Amino acid sequence: MAATGYALLIVLMPLAGFVVLGLAGRHHLKRSAGWLATALMSVSAAAALLLAWHYFFVQNALGRSLEPAEVFRFRWLSFSPSLYVDMGMHLDGLSVMMLVLVSTVSLLVHLYSVEYLRSEERYTSYFAFLQLFTFSMLGLVVSVNLFQIYFFWELVGVSSYLLIGFHYERPSAVSAAKKAFVVTRFADFGFLIGILIVGFSSTSFDLNTLFQTNCHVDAAREELFLGMSAITWGTLLMFMGGAGKSAMFPLHIWLPDAMEGPTPVSALIHAATMVVAGVFLVARLFPLYEVAWLTADVVTVIGLTSSLLAAIIACTQTDIKRVLAYSTMSQIGLMLFGLGLAAQGASREAGYVGSQFHLFTHGFFKALLFLAAGVVIHRVHSNEVSDMGGLRRTLPLTHLVFLIACLAISGIPPLSGFFSKETILLAAASHPFWYGLALLVSALTAFYMFRLYFLTFWNKPALPKSEPELPTASERLAYGFPLVVLAVATAVNGFIPFGLFVAPDGRPYPVHASAAAWLPPVGAALCGIAVAAWGYARASERPQELARRFGAFYSVAYRKFYIDELYAYITRRIIFGKVGRSAAWTDRQVVDGAVNQAGWLIQQWSLLMKCWQSGRLQGYAFWFFVGAGLLAVVLLLYSPN
Amino acid sequence: MDVLNFLLITASGLFFIGVYGFLTRRNLLTMLISAELMLNGAALNLVAFNRYRWPEELDGLFLAVFIVAIAAAEAALLIAIVLRLYRNTRSVDVSDITELKH
Amino acid sequence: MIEALLLMKHEMSLTVAAVVFLLVRLGRTRAAATYARLGYLLLGWCLLAGLIPAPPGQLFAGLFVTSSLVSMQKSFLTFGLLLLLLASDRWLRRHDYVPEVFLLLFSSLLGLFFLISSGSLLMFYLALELATLPIAALCNFDLQRRQASEAATKMILSSAFSSGILLFGISLLYGSTGTLHFTELPQRLNGSALQVTALVLLFTGFAFKLSVVPFHLWTADVYEGSPVPVTTYLSVISKGGMVFIFCTALYQVFQPLQAYWHVLLVITAAATLLVGNLFALRQENLKRFLAFSSIAQVGFILVALSSGAELARAAAVYFVLVYLFSNIGAFAVVGIISAATGKERLSDYRGLYRSNPRLSWALALSLFSLAGIPPTAGFFGKFFLLMSGADGRQYLLVAFAAVNMVVALYYYLRVVRALFMEQPEAPLPIVTTVLPERAALVISVAGVLITGLFSGAYETIARLI
Amino acid sequence: MNLHLLILIPLLTAVTIALWGRGQRAALIATAGAVVQLGLSVLLYLTFTAYRQHHAGEAFVFEYRHVWYGPLQIAYHLGVDGISVAMVMLTAIVVLAGVLMSWEVSYMPREFHTLLTLLGAGAYGVFLSLDAFTLFFFLELAVLPKYLLIGIWGSGKKEYCARKLVLMLMLGSALVLVGLLGMYFGGPRSFSIPDIASSRLAPEVQQWVFPLLFTGFGIFTALFPFHTWVPDGHSAAPTAGSMFLAGISMKLGGYGCLRTATHLMPDAAQQYAPTIIVLGCIAILYGSLATLMQKDIKYLNAYSSISHCGFVVLGIGLLTQTALHGAVLQMVSHGLMTALFFAVIGIVYERTHTRQLREMGGLMQAMPFAVTALFLAGLCSLGLPGLSGFVAEATVFVGGWQQPDLLSRTAVVIACSSIVVTAVYILRAIGQVAMGPLRGLVSPHPVSWAERLAVLLLLGGIFLMGLWPEWLVQLIQGSGPAGALPDGLTAAPVEAF
């Protein structure tokens, strides 16, 4: 009972906030909107923590198998007696972990935003959207039904659209929002068909039924289409949806552009929560991915490819938020890599726990990085690292937390990132090739993060564009508090025995790693940091030198491997230019032309027949006579039997 | 029967001559005469059939009588109208009355 | 004697009315309005007399046959004539020779009565001529107008030509069967070549009066050249009477030859629909336009009749009633405007709604009825016609007719567009209507709206057949 | 529940307006009438569901049969099942919204409201009729008001567009007419839908009657390639006219296909299913691709209507119970959504005097209410969960996937792919209209209360259906035979591939 109360409280608070702010906020709640939303969120976050405590320690005993629980369910839409969509709240380790992550980070971002967007005209709308997003994300993670996932999946997408396009006066923001939505929509097309396939092959959209009727899943594996079983097709297509949301290659192009949104939004949506939805999806449907062999391989490969690709691109970017965005993509790639490994079966527990653990820790330190970057951007009024430098004196707290986060993401013990990433690498240990690549990603991560760190806080101070303003007291509080909380979380989260909380099938899996396994990743990270320090700690010619060394490869990476251009070519030239234009042309000229031609033709006939009506009496009589004659002939030739 | 055939052929001849005249003559009055020829052909047919084929009753004969009467009425009316037309157009040529067309 | 009077109640009363006008002419000349009012009264009395119940029966050795249905049909025609005269009140009052108008119209109507009641080809021919000749005179009623003379000439010469062919057909039929009586003819019909030829020739006689393609060519010219009331009479009353007798001829007299006339009707129905519509499409003169549209309407009747189904007769008679209301409604507006302003062209009607909303609505409703759009009676009329057509399983012809309804709608919409949507360069003035005109409009519009929605009219007809 | 009232009230309203509706009073009377209609339709829903609980077996309820043309077996026959009730509610909502949107009509308001109300009466008649003749009568009843509404109060090439719309719809009616007659004479010589359903038509009759009826009604619902009246007609019509045309009129076609063609001729429905599926898919994809290139916002919505109505056709063609329900849901959803779209476009047009996308921009700042509504309509159009479009489309997809054959499933995939294209054009349009720097605003008078109310009413419908679809689905599922698969068509077995 208590769990139901908490769970409903978690989800309904942001919903209430959205409704109130959305309907009345504009006129009645000008400045208090932020605080109202924050208050609601804090209730929600508190409830999430209470629920976690209740679930892990009251309902279940830690260290034993975790029993999934359903606190709430109602029939939303029935297609037929056996196929229906229920909405409800499903609690297990995974969803409770996500509830905690989402509500906590969201609370902090709310708090941060109260100050950060103070000067915005559409302050209330912003918080309404933020609440909508939080609600959708919370609804997503507790789904009981494939269609519920899809439902909230789309709502998350639209709130992301709204928030990216928050500064809609800027054309770049509009097009970025559109791009994000359309690309994820394209992915969701696959997701939807995947849902249909999976739902039908296992005769239900309900997750419980889906997992329980593994026999159906097995049976479905026997029937092949283009050489693949239904469940493979289904999981692959659903993964397409996940890959779109999680900005995996080749559907990642929207994420860097999405940085057009306000920085707190980037922290919440495009770093900590929404973009990991793909990881969550695969984890949630893990039993299905386990039975679909090919899909697991695809997930692994896509994850690692994206991770590497993003890491390489991140090394060349100069926009602070874009670097962070590519870093996000890279880290999510790692998570999916871990999950894919787990689904392949060899290192089932390690991969699964590692990826979820990384998801959790990443949520905090990436949010921290973004929020800290937000402070920096606020300070220098620019996203470009060339406008920054030497900020460690003016922004000491920011500098400190940024450093902690960088260390964490690079995997330096004893910060949280170390533990989670270590677990993923542990899972990959049996595949030397992949392990090597993962190490490379790890080293690159350390390099580009510290490149960013040095360029921002060390290096040569850029000329300030305007007189630096001293932070006000409220700014100190609103910025400082979230940063400190997140930094603490970043520092200590690693010590959570994560495998006891979230693990496949709810069976606890304590992670054990030997010291030997620690060394390579830490070494790689330290190498990366060292190179970054060598190149960027002080202003020098070394970076240019380095770039020259890599030559064409550098410029291709700087241009993000021309993937954007390729997409632009396909959409603008082919879809719009060829297909759309010809469809519109055909419709006007051919189909509608036929209609108009028919009318014209009748008119012409009419004109043609005019001469028949000549006005000559004898002509009339002639036709009279001929008509009679012809009819007589026809009738005489015709025999009725 | 020979008489009947002869009469029928004559009647048809009258009828078709009437048709031909109606279709080719320019003068309205000649056209009227042609129409009368057509009527007479029909009347002759009726009388002949009555006399030689169905002599029991006099249906054909009666109809022929009425045809003659009606033809007279028609002719009277037509002449009146043609007179009117002549007043208005100074012509009794059929090719001149083509103002109403299309 | 009384019984004979009763059987001929329509004819007797109408004859009395005609005689009254003959006598009136002998007296001192009075105002046209007086004559007109007298005419309405007399027609009203004919209508009342027609309502006297009378048994079915026949007179003159079967030359004259009547029944409740025939009696009702005559009442329809009388009613139609009254309506159209009321609508032409303004035109009537302008003329000096009003009694003659009434006299001629009454004579022609009398001809139609005898036509419907005819029981023999002899009576049929006589009645046909009686119905036609007065109208030819009336066409020329505007004596000074060249077009009127032209119309009258065309009318009478065409009609003479048509009579010639018709009579030749009758003579052949007589030669083959030896009788002119409708009751005896069916037993003697055997489908010989002579009879079939005679059938075609007889058919042309009907076709001429009904303006069936290709025997329709005179129609438009005559309609355009004649005064509006005459045109209305030709297109509504005269055609209606012809439809009635045509039904009798097909379904009683020539029933044995159904297989033949079925083909005849199918061919001419298709031709009539097509040609009527195609011609109407481009007409600028509203009278001419209505003439062609009335040709197309006949096409629909032919579609129904060609099926040979029992439904078809009821549908045809019902359609005549509907058509009477709608066409008189349309012609009434055209006539009123023509009489008031002398304008008959479509372009003159632009923006009529601005100045004359009521007239516009009356015209629009009538046109929609002609086009067969609900809730007007035309919809029901057309539907039943096509339904009867489909009863003979000739779906192709019905489909063709249905598509023709679309084409027809196109040109009716042209008029509606001119009325409601276009901006006039020189708008028509506000036309005030006098009481008789208003009454005619109200009655016809009410008829257009009510005849379909309430099934009484149709059910009565169906019961009588 | 007396079903006559739903036809009588609009008729009486129309007569009242025609007689006494001088000036502003016309709108008042029309609104009052529309409110009563909405109340009646809600009452109908309540009584219907209450009645259904106790009488589950009956096909149609609240039947009323009055012999109209006795000799011809034509009856004025009313009755409802769940689908009719749903469509009646849709009509009531759209009518009220349309009337509210027309408060500002200043040119001949009396005529405008009379015709508008008549249009509604026709729609009610179609949805309530159980006699094919009555249905056809009401279907055609709308021709006259449609033509005049577009032709008089429209914009652009209004006369041409009005004519085209009416003639093409009339062609549809002509086909329907021939089909109905074929059904009458090929079957029990009756137009009564229950009678025809119970006396199964012979397959050879079905074979030629079905395409006629389906194409005929299909023209009303923008069946490819007979859809070209949609863009022209909708864009030229006045705001309320567009709302009625797209919101109600197009549904008459889908309803007719369902009620007469599929329901009465199941054998032929099965036989022609592949063709229908292909046509539906073409409409969906081709319509949405053509929408991509539209520059005029009304054309954009009209083309998107073609695409959305493709879902109706597809749902009917897929022939599973779920897909049929999906088709009905899509009709309701599209009716609400497109009416909202046109309403908002009307509001925007009043203030910008342009419909060209590139001449607008940043209107979110100037008229947040209208643009938010536009945005919501757009989201509904692109199938965002929580709004009605998603419910309908998902039901069609799920229903389609129930058919195990490759064609049906390919069709579902194609239909699914349109959601991407839809997203592109909707976001493009919204981006142009709402976002970016402010452009194109000419007369910034505030949105009136009537307009607000209309928009909120439609939005309410969309949300009610989108957030909690189960009530509507239950209503439709609990419906009579037209909602159920016709006899002889069994639900496809659920199989994988």
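Colleague: Which of the five pairs of chains in contact share the most contacts?

Modeller: Chains A and D share the most contacts. Please keep in mind that this is a predicted model.

Colleague: How many residues of chain A are in contact with chain D?

Modeller: There are 44 residues of chain A in contact with 43 residues of chain D. On the chain A side, strand 1 (69-78), helix 5 (146-164), helix 6 (171-201) and helix 25 (563-608) each give two or more residues. Helix 6 of chain A gives the most, with 13 residues.

Colleague: How do the residues of that side of chain A divide into nonpolar, polar and charged?

Modeller: The side of chain A that touches chain D has 29 nonpolar, six polar and nine charged residues.

Colleague: How many residues of chain D are in contact with chain C?

Modeller: Here 26 residues of chain D are in contact with 28 residues of chain C. Helix 7 (158-186) of chain D is one of the elements that supply at least two residues to this side, and the largest share, 12 residues, comes from helix 7 of chain D. By type, the side of chain D that touches chain C holds 20 nonpolar, three polar and three charged residues.

Colleague: And how far apart are the closest C-alpha atoms of chain B and chain D?

Modeller: They lie 25 Å apart, and no contact joins chain B and chain D.

Colleague: Let us change topic. How do strand 1 and strand 2 of chain D run?

Modeller: Strand 1 and strand 2 (residues 74-80) of chain D run antiparallel, joined by six bridges. In one of these strands, strand 2, D:Y76 is the bridge partner of D:H66. The two strands of chain D form a hairpin with four residues between them, and D:Q73 in the turn has a positive phi of about 60 degrees.

Colleague: Now helix 20 of chain A: where does its kink lie?

Modeller: The kink, of about 25 degrees, lies at A:G480, shortly before the proline A:P482. Helix 20 of chain A has 20 residues and reaches 28 Å from its first C-alpha to its last, close to the 28 Å expected.

Colleague: What do its buried residues pack against?

Modeller: The buried residues of helix 20 of chain A, including A:P482 and A:L486, pack against helix 3 (93-116), helix 16 (348-380), helix 17 (396-410) and helix 18 (416-428) of chain A. A:L486 is also among the residues that A:A367 touches. In turn, A:A367 is among the residues that touch the most other members of the largest nonpolar core, which has 708 residues.

Colleague: Where does helix 20 of chain C bend?

Modeller: Helix 20 of chain C bends by about 30 degrees at C:G447, and C:G447 is among the buried residues of that helix.

Colleague: Finally, what kind of peptide bond joins A:P413 and A:P414?

Modeller: A cis peptide bond joins A:P413 and A:P414, with omega about 5 degrees. A:P414 lies in the loop between helix 17 and helix 18 of chain A. A cis peptide bond also joins A:F249 and A:P250.

How values were computed: Residues are numbered from 1 along each chain as its sequence is written. Chains are lettered from A and ligands numbered from 1 in the order in which they are written. This is a predicted model: local features need pLDDT of at least 70, side-chain atom pairs count only at pLDDT 80 or more; totals for chains, interfaces and linings use all residues. Two residues are in contact if their C-beta atoms, placed from the backbone, lie within 7 Å. Ala, Val, Leu, Ile, Met, Phe, Trp, Tyr, Cys and Pro count as nonpolar, Asp, Glu, Lys and Arg as charged, and the others, Gly among them, as polar. Two strands pair if DSSP finds at least two bridges between them. A nonpolar core is a set of buried Ala, Val, Leu, Ile, Met, Phe, Trp, Tyr and Cys residues joined through C-beta atoms within 7 Å. A residue is buried if 20 or more other C-beta atoms lie within 10 Å of its own, exposed if 12 or fewer, and partly exposed in between; C-beta atoms are placed from the backbone. The expected span of a helix is 1.5 Å times one less than its number of residues. The bend at a residue is the angle between axes fitted to the seven residues ending there and the seven starting there. Lists of a residue's contacts leave out its neighbours within four places in sequence.
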